[in-house]
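Reader: Before I rely on the terms used for this fold, I would like to see each one set against its criterion. Could we go through them in turn?

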Amino acid sequence: MPLHIRPIQASDNEPLATLIRAVFREFKIDKPGTVYTDPTTDALYQLFQHPGSTYFVAEENGVLVGGCGVYPTEGLPEGCAELVKFYLTAEARGKGIGNKLMQQSIAAARALGYKQLYLESFPELAKAVSMYEKAGFEPLPHALGNSGHYACTIWMLKDL
């Protein structure tokens with residue numbers, strides 16, 4: 001059973017929260033003002049029941065190895081959503097899984113009627129930032145919307 005990308009299920013909450021926090025510890029960005037301390041990280045299935053949102057998980061050989069979604073973050077411009085909670089296990093990186101998750105999320109954002117996608121990141125996640133740039137995300141000088149993740153220092157936007 002190779003790679004399988006599917007919508008999030010309630011049973012994914014705990015493994016996803018564990019995966020996300022492990023990535024934050026790995027890159028030493030496990031600090032306040034990030035997804036690491038965001039209480040929604042423990043209830044992603046419930047979060048993504050919000051209208052205008054969607055979230056996908058990637059399973060490789062039946063093991064959850066990553067996730068990525070789209071969310072209409074409060075305060076974003078009309079027609080703009082945020083690419084959110086995009087993380088992969090160390091073992092899953094470099095195989096194209098992240099790009100597949102991101103492309104599925106971008107396609108879903110278009111299908112939901114969004115015209116732009118925004119994201120927030122960190123310099124420590126340089127490989128991810130490079131992938132965003134290759135996908136057409138452009139750097140912004142400041143944050144958009146009210147994600148609550150005030151520790152992020154990279155902000156990017158893509159027209160869909």
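Reader: Which residue in S5 is the bridge partner of Cys80?

Author: In this predicted model, Gln116 of S5 is the bridge partner of Cys80.

Reader: What makes S4 and S5 a pair of strands?

Author: Pairing requires at least two bridges between the strands, and 3 bridges join S4 to S5, which run parallel, so the two meet the criterion. The chain passes from S4 through H3 to S5, and this β-α-β crossover is right-handed.

Reader: How do you know that S3 also pairs with S4?

Author: Strand S3 (residues 63-71) is joined to S4 by 5 bridges, with the two running antiparallel, and because the requirement is at least two bridges, they count as paired. Gly67, for example, has Tyr87 in S4 as its bridge partner.

Reader: Why is S4 called mostly covered?

Author: A residue is buried when its relative accessible area is under 20%, and 9 of the 9 residues of S4 are buried, so the description follows from that cut-off.

Reader: Which element gives the largest share of the lining of the largest pocket?

Author: That element is S4, with 7 residues, while the lining as a whole has 41 residues, of which Lys85, Phe86, Tyr87, Leu125 and Tyr132 lie nearest the centre of the pocket. The elements giving two or more residues include helix H1 (13-26) and helix H4 (126-134).

Reader: How much space lies in the largest pocket, and what classes of residue line it?

Author: The space is about 790 Å³, and the lining has 21 nonpolar, 11 polar and 9 charged residues.

Technical notes:
Residues are numbered from 1 along each chain as its sequence is written. This is a predicted model: local features need pLDDT of at least 70, side-chain atom pairs count only at pLDDT 80 or more; totals for chains, interfaces and linings use all residues. Side-chain values use heavy atoms; hydrogens and water are left out. On a 1 Å grid over the protein atoms alone, a cavity is a set of points where a 1.4 Å probe fits but cannot get out, and a pocket is an open set with protein on both sides within 12 Å along at least five of seven lines; lining residues have an atom within 4 Å of a point. Grid points are joined across faces, edges and corners, and a volume is the space filled by probe spheres set on the points. Helices (H or I, at least four residues) and strands (E, at least two) are DSSP runs, numbered from the N terminus. Ala, Val, Leu, Ile, Met, Phe, Trp, Tyr, Cys and Pro count as nonpolar, Asp, Glu, Lys and Arg as charged, and the others, Gly among them, as polar. Buried means under 20% relative accessible area, exposed over 50%, partly exposed in between (1.4 Å probe, protein chains only). A crossover is right-handed if, with the strands pointing away from the viewer, the path from the first strand over the helix to the second runs clockwise.
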